[in-house]
Amino acid sequence: MARIIVVTSGKGGVGKTTSSAAIGLGLALKGHKVVLIDFDIGLRNLDLIMGCERRVVYDFVNVINGEATLNQALIKDKRVSSLSILPASQTRDKDALNKENVGKVLEELGKDYDFIVCDSPAGIEAGAMMALYYADEAVVTTNPEVSSVRDSDRILGMLASRSRRAELGLEPIKEHLLLTRYSPKRVEEGEMLSVEDVEDILSIPLLGVIPESQAVLKASNAGEPVILDTESDAGQAYQDVIERLLGETVDFRFLQAEKKGIFSRLFGG
Amino acid sequence: MALLDYFLRKKGKQVTTASKAKERLQIIVAHERNSRNKQPDYLPELTEDILKVLRKYIEVSDESFSINLDKKEGDLNVLELNIELHDERKVS
């Protein structure tokens, strides 16, 4: 059985697609068969972050409407052969997805893949509910900022009540906290919620802390998921996330601000 | 004026914005979780139905009857019914 992981958050712009791309590619680099699904119907973007936007022919909704087969719609990643991407449709028909037809597609994919990573749209509307409905695990992507933390808590409520696992009374969705855009320096200065603060409030296990990093924008500019930038702090932090998803225990890095030299301490900069 | 800032910061231990953020979040999140765990929509109707059935056999006033759905630890939900029976007066 494939592990179905939803990358979700409630709030927009916190790094869901960046994280989905990094997690999908990272798991595939470890040799697993992975399919990345963009659930943001009408606002397709995972293709851009993955750098395969010009290879989209058919999409998720085409498959659901029977206009294309899964194999026609899946895009094989050029970097890692065990990774495929199922792009979202650009249609504005929001009701294109329902539990039944999404369930069928996931079931079919589950036969061929080890991991199904679902990139959720923002919000708590039908699209986001569809993305989380079949999940076994959820990566709750959160920024250390009040509105993001509050929205994450609402999404945790949805995971616990509106998912398939909740409806059938099965073991609940396994929740993971992924803290993104973290700035240790601002935390030290008392300007930003710390990892511990967010853990206290949401009380779910921590999967990773991704530092605020210039590498993320560079990666999206180039269509190369940031996990490939092995020199960057964000890339390395995502690699740790992959290890933890695969059951390894890895120390958390990038939680302390870089120590400044005596000169910059005294004279600013 | 980094040097000056350094000493000023050490002296006055004022409340940081981060700690304000945490405090505000703890309050609002607790509040929202409470309203999320409120009684289910079907409870009023269920109450009516149970009362109807009970009243076929015994006399139950509204005051001597209470119903409560409680969330216990884990996934356990307990539906609690309290019916005060006075004396065995049969309706029929």
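## About the model

Because the model is predicted, local features need pLDDT of at least 70 and side-chain atom pairs count only at pLDDT 80 or more, while totals for chains, interfaces and linings use all residues. Residues are numbered from 1 along each chain as its sequence is written, chains are lettered from A and ligands numbered from 1 in the order in which they are written, and side-chain values use heavy atoms, with hydrogens and water left out.

## The sheet of chain A

Let us start with the sheet. In chain A, eight strands form an open sheet with mixed pairing, in the order 3-4-2-5-1-6-7-8. Strands here are DSSP runs of E with at least two residues, helices are runs of H or I with at least four, and both are numbered from the N terminus. Two strands pair if DSSP finds at least two bridges between them. Strand 3 (75-76) and strand 8 of chain A are the edge strands, each pairing on one side only.

Strand 1 (residues 3-8) and strand 6 (residues 137-142) of chain A run parallel and are joined by four bridges. A:Ile5 has A:Glu137 as its bridge partner in strand 6 of chain A.

Helix 1 (residues 16-29) of chain A lies across strands 1, 2 (34-38), 4 (83-86), 5 (115-119), 6 and 7 of chain A, and runs at about 170 degrees to strand 5 of chain A. For such angles, axes are lines fitted to C-alpha atoms, for helices over the stretch in contact, and values run from 0 to 180 degrees between N-to-C directions.

A:Thr17 belongs to helix 1 of chain A. With a relative accessibility of 22%, A:Thr17 is partly exposed; buried means under 20% relative accessible area, exposed over 50%, and partly exposed in between, using a 1.4 Å probe and protein chains only. Leaving aside residues up to four places away in sequence, A:Thr17 touches A:Asn45, A:Leu46, A:Ile49 and A:Asp119, where contact means heavy atoms within 4.5 Å. From A:Thr17 to A:Val7 is 10 residues in sequence and 8.0 Å in space, C-alpha to C-alpha.

## Two positive phi values

Most residues other than glycine have a negative phi. A:Arg181, however, has a positive phi near 60 degrees. A:Arg181 sits in strand 7 (residues 174-182) of chain A and is partly exposed, at 41% relative accessible area.

A:Ser203 is also not a glycine, and has a positive phi of about 40 degrees. Its place is the loop between helix 10 (195-202) and strand 8 (206-211) of chain A, and at 53% relative accessibility A:Ser203 counts as exposed.

Chain B has three helices and two strands, in the pattern α-α-α-β-β along the sequence. Of the 92 residues in chain B, 17% are buried.

Helix 7 (residues 146-161) of chain A packs with helix 2 (residues 17-36) of chain B at an angle of about 25 degrees, their axes 10 Å apart.
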